[in-house]
Amino acid sequence: MAAMKPRTGDGPMEVTKEGRGIVVRIPVDGGGRLVVELNAEEAQSLYSELNGVVG
């Protein structure tokens, strides 16, 4: 049996612009990442929604 490694998030949250899209990588409990690609309009909408909750 192979050695088991603890599963943790794969690093910090990242946001990058790739071509026309904006790619968001969010570490998830239990390991791995949630990867979402947004266009500029969707990113602005997400910003507004999060700002309403956090800000």
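**Sheet, helix and pocket**

Author: This is a predicted model. Its open sheet has three strands in the order E1-E2-E3, and the pairing is antiparallel.

Reader: Which strands stand at the edges?
Author: E1 and E3 do. Each has a single partner strand, so one side of each is left without a neighbour in the sheet.

Reader: By how many degrees are neighbouring strands turned against each other?
Author: On average by 20°, with direction ignored.

Reader: OK, strand by strand. How many bridges join E1 to E2?
Author: Five. E1 covers residues 14-18, and E2 covers residues 21-27. They run antiparallel.

Reader: Which residue in E2 stands opposite Val15?
Author: Val24. Lys17 also has a bridge partner in E2, namely Ile22.

Reader: What lies between E1 and E2?
Author: Two residues, which makes the pair a hairpin. Gly19 sits in that turn, with a positive phi of about 65°.

Reader: Now E2 and E3. How many bridges there?
Author: Six. E3 takes in residues 33-38 and runs antiparallel to E2.

Reader: How far does H1 reach from its first C-alpha to its last?
Author: It reaches 21 Å over 15 residues. That is close to the 21 Å expected at 1.5 Å a residue.

Reader: Which residue caps the N-terminal end of H1?
Author: Asn39. One of its side-chain oxygens lies 3.1 Å from the backbone nitrogen of Glu41.

Reader: Last topic, pockets. How much space lies in the largest pocket?
Author: About 160 Å³.

Reader: Which residues line it?
Author: The lining of the largest pocket is Met13, Val15, Val24, Ile26, Val36, Leu38, Ala43, Leu46, Tyr47 and Leu50.

Reader: Which elements give two or more of those?
Author: E2, E3 and H1.

Reader: And where does the largest share of the lining come from?
Author: From H1, with four residues. Val15 and Val24, the pair standing opposite each other, also belong to the lining.

How values were computed
Residues numbered from 1 in each chain as written. Predicted model: local features only at pLDDT ≥ 70, side-chain atom pairs only at ≥ 80, totals over all residues. Heavy atoms only, no water. Pairing = 2+ DSSP bridges. Axes fitted to C-alpha atoms, helices over the stretch in contact; angles between N-to-C directions. Expected span 1.5 Å × (residues − 1). Polar contact = N/O pair within 3.5 Å; in protein donor to acceptor, adjacent residues only side chain to side chain. 1 Å grid on protein atoms, 1.4 Å probe; cavity = no way out; pocket = protein on both sides within 12 Å on 5 of 7 lines; lining within 4 Å. Points joined across faces, edges and corners; volume = space filled by probe spheres on them.
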